[in-house]
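Hello,

Here is the structure we talked about. Please have a look, then read my notes below.

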Amino acid sequence: MFGAQPHIVARLPLSGVEKERLFVAAREVLTRAYAPYSKFHVGAAVLAASGAIYAGCNVENASYGLTICAERSAISAGVAAEGASFKIRAVAVFNGNDAPCSPCGACRQVIFEFGPDADVIFQGRQGLEHSTAHALLPAGFTL
Ligand code: THU
């Protein structure tokens, strides 16, 4: 085989309680976003296979391209806490502008790494959208 495969997680349907915990965490963390340039505050929360929830917000920089999205912030928190066994069951993303906001391409690839079957919930054009990592990133890259 050629190195690490992305973590494969059997897809467990999210319970209403799990979804609510994710939404609360994502909405809470977006209040701490550092977004003085775009004024677009984003919060993401990740439900790990362990049952833990990790939250992250976007962190911008005067050198704009160095910005870290909320999703990758949350995933970094999960890896820092759990190490290489970290697996994602679900991700929720909210923003302070109530605007459509699906994960960017870079974040899709990073979500895919830790949870190709993960549920991904975000604000779409007509309210909340429920998708999955592999639906958002067909043929995601693996090594
Ligand atoms: N952003 C996120 O944090 N997540 C997304 O899914 C889309 C965009 C951030 C990056 C930047 O700080 C701001 O939103 C505007 O692009």
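**Helix 2 against helix 3**

E71, R72, I75 and V79 in helix 2 meet A106, C107, V110, I111 and F114 in helix 3. Keep in mind that this is a predicted model. The residues of this contact split into 7 nonpolar, 2 charged and no polar.

Now the geometry. Helix 2 covers residues 70-82 and helix 3 covers residues 105-114. The two pack at an angle of about 25°, and their axes lie 9 Å apart. Angles under 35 degrees count as roughly parallel, so helix 2 is roughly parallel to helix 3. The crossing of helix 2 past helix 3 is left-handed.

**The cores**

Which residues touch the most other members of the largest nonpolar core? They are V46, I75, F86, I88 and V93, out of 20 residues in that core. At least two residues of this core come from each of strand 1 (42-48), helix 2, strand 3 (88-95), helix 3, strand 4 (119-124) and helix 4 (133-136). Strand 1 gives the most, with 4 residues.

V93 is worth a click. Leaving out residues up to four places away in sequence, V93 touches V42, G43, A44, E71, C101, P103, I121, F122 and Q123.

Another core, of 12 residues, lies apart from the largest one. Its members include L30, A45, A90 and A92.

Best wishes

Methods: Residues numbered from 1 in each chain as written. Predicted model: local features only at pLDDT ≥ 70, side-chain atom pairs only at ≥ 80, totals over all residues. Heavy atoms only, no water. Axes fitted to C-alpha atoms, helices over the stretch in contact; angles between N-to-C directions. Parallel < 35°, antiparallel > 145°, perpendicular 65-115°, else oblique. Left-handed = near helix turned anticlockwise from the far one by under 90°. Contact = heavy atoms within 4.5 Å. Nonpolar A, V, L, I, M, F, W, Y, C, P; charged D, E, K, R; others polar. Core = buried A, V, L, I, M, F, W, Y, C linked by side-chain atoms within 4.5 Å. Buried < 20%, exposed > 50% of the residue type's maximum accessible area, 1.4 Å probe, protein only.
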